[in-house]
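Here are my notes on this one, as promised. Have the model open while you read them.

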Amino acid sequence: MRNYVRYELVRVLRNRRFVVLSLGFPLVLYYLIAGPNKNETDLGGSGVSAPLYLMVGLAAFGTMNAVISGGARIAFDRSLGWTRQLRLTPLSPRSYLATKILVAYLTALMTIALLAIAGTTLGVRLSARSWVEMIALLLVGLLPFAALGIVLGHVLTVDSLGPAVGGLTALLSILGGVWFPINNGFLHAVAQALPSYWLVQASHVASGGRPWGALGWFVTITWTIVLGVLAAWAYRRDTQRV
Amino acid sequence: MAIHAPAVSLQGIEKTFRSPEGPVHAVRGVDVSIDPGEVVALLGPNGAGKSTTIDMLLGLTRADAGSVALLGRTPADAIKEGLIGAMLQIGSLPRDLTVREIVSVIGSLYRAPVDVDEVLQQVGIARLAERRTQKLSGGETQRVRFAIAIVTNPELLVLDEPTAAMDVEGRHAFWTTMREFAARGKTVLFATHYLEEADAYADRAVLMARGRVVVDGPTTEIKAMVGLRTIRATLPGADLAALARLPGVVSADGRGEAIVLRCSDSDAAVRALLQAHPEARDLEITGAGFEEAFMELTRGDDEEVAA
């Protein structure tokens with residue numbers, strides 16, 4: 001099992017598409033957008049400095065991509081007949097799924113670490129407690145996306161996977177306020193109902209308040225349950241059929 | 001390990017698939033028992049139900065009826081205990097790993113895997129050890145898949161059309177390795193539609209056609225049954241009933257001036273035919289194609305089903 005996790009991780013890190021989209025892209029964009037606005041202390045009325053806001057925003061973008069494609073990669077294994085081959089080994093379907101989620105989270109942590117380092121180079125300074133709290137919120141906030149990835153991995157074909165994951169990530173990023181804060185109006189109402197919005201809100205740890213509040217927890221937990229049930233259904237349907 | 005349990009026991013398994021043209025009875029009641037240490041070929045033309053039978057045997061498809069036991073256990077338990085190695089008909093390898101990595105990661109899922117280098121050597125892919133899986137040819141991929149099946153050091157090895165994508169050299173290396181593996185007292189079941197493969201590498205063949213076992217016995221027996229030859233000739237006004245009684249002839253058919261004799265001994269039949277009918281011309285003797293022979297062996301089926 002440990003070996004299997006290691007090889008899955010190796011597989012992902014050798015995948016150029018993953019490295020570019022989940023690690024390289026967010027990092028480059030971070031410097032491009034936050035660099036010139038290094039001294040902006042209140043980005044778009046969010047109450048958070050530009051380097052911090054965008055650090056979390058782009059971490060959200062990169063990790064969303066990492067975690068969704070983590071589950072979606074199941075579709076590749078399925079198309080290759082690899083899931084059938086694994087079904088003939090002592091690795092249980094449950095462990096297979098757990099490995100996918102674990103590896104997705106490990107890659108998400110890499111994205112977070114990378115952007116955290118980049119953030120400090122642009123002057124982001126947080127207390128140890130705030131760092132921990134922020135990263136913890138990001139990891140919890142990613143749960144609905146991990147479940148979404150598993151659903152997509154079971155219902156999509158390989159051909160539709162790339163556009164679906166890319167499109168969904170882009171849409172959820174914009175509406176979640178990854179690139180620029182969404183503070184009022186209709187879009188704000190929509191954004192608040194999305195889990196990606198709350199992912200980005202993790203940046204509010206710096207202001208000392210509780211970044212999520214009851215609504216944030218409610219939205220995140222609801223999406224986790226809904227998508228989790230769908231993922232369980234997709235997974236069960238698949239293990240019965242193989 | 002349960003010593004007296006058969007390696008494979010299939011009892012009355014059936015499978016029907018739904019299709020737009022109505023239900024397809026892929027497997028209609030198959031009984032097979034294989035003892036530990038046997039090398040058995042599951043033989044039959046395409047569409048005979050071999051793959052469906054193997055899927056049910058491995059627990060990948062649930063049988064509509066009947067029961068499956070591997071080494072005295074359910075397929076799921078046998079797999080969990082690492083007793084089964086398998087190579088399915090269709091399958092590719094995940095990319096971005098080297099051959100050595102992918103073989104060893106599978107081995108690591110088992111309690112007592114074989115040494116990876118030894119397996120790569122055996123299968124003849126040691127030189128490919130550091131190559132990434134996406135850079136392999138079709139035949140090389142098949143060999144890696146075979147390595148994956150045997151690195152697990154299984155008690156029962158199940159192979160579905162293993163040589164399908166292999167070149168001649170690959171086939172040769174493959175069967176040599178399979179024999180070495182079987183010589184260690186392991187059980188092997190392989191599906192094929194080549195009579196020659198079954199004949200050369202199995203002790204016993206289970207011949208399937210249209211979802212049923214038609215013959216189950218030593219490969220020599222099967223060869224005799226499907227080794228029928230056909231004589232075609234032009235013979236106006238032939239008496240088919242009389243022709244069918246000629247030595248070596250099994251059955252006689254006619255259409256217009258043409259006659260078709262199916263023969264168990266074509267040499268004797270040709271002599272007798274020319275003696276009785278010197279006017280017969282355009283003689284042509286052909287070995288019955290395998291597919292044709294299968295059809296012959298299973299001809300009764302349709303009538304039975306229709307009735």
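1. The largest nonpolar core has 77 residues, and Leu43(B), Val103(B), Ala147(B) and Val158(B) have the most contacts inside it. By nonpolar core I mean a set of buried Ala, Val, Leu, Ile, Met, Phe, Trp, Tyr and Cys residues joined through C-beta atoms within 7 Å. Buried means 20 or more other C-beta atoms within 10 Å of the residue's own, with C-beta atoms placed from the backbone. Helix α5(B) gives the most to this core, six residues; helices here are DSSP runs of H or I with at least four residues, and strands are E runs of at least two, numbered from the N terminus.

2. Keep in mind that this is a predicted model: local features need pLDDT of at least 70 and side-chain atom pairs count only at pLDDT 80 or more, while totals for chains, interfaces and linings use all residues. Residues are numbered from 1 along each chain as its sequence is written, and chains are lettered from A and ligands numbered from 1 in the order in which they are written.

3. Look at Ala147(B) next. Beyond its neighbours within four places in sequence, Ala147(B) is in contact (C-beta atoms, placed from the backbone, within 7 Å) with Val103(B), Val119(B), Leu120(B), Val123(B) and Ile125(B).

4. Now for α3(B), residues 99-107: nine of its nine residues are buried, Val103(B) and Gly107(B) among them. What covers them includes α1 (2-13) of chain A, plus α4 (116-123) and α5 (138-150) of chain B.

5. The contact between the chains takes 21 residues from chain B and 19 residues from chain A. On the chain B side, α3(B) has the largest share, three residues.

How values were computed:
A residue is buried if 20 or more other C-beta atoms lie within 10 Å of its own, exposed if 12 or fewer, and partly exposed in between; C-beta atoms are placed from the backbone. Two residues are in contact if their C-beta atoms, placed from the backbone, lie within 7 Å.
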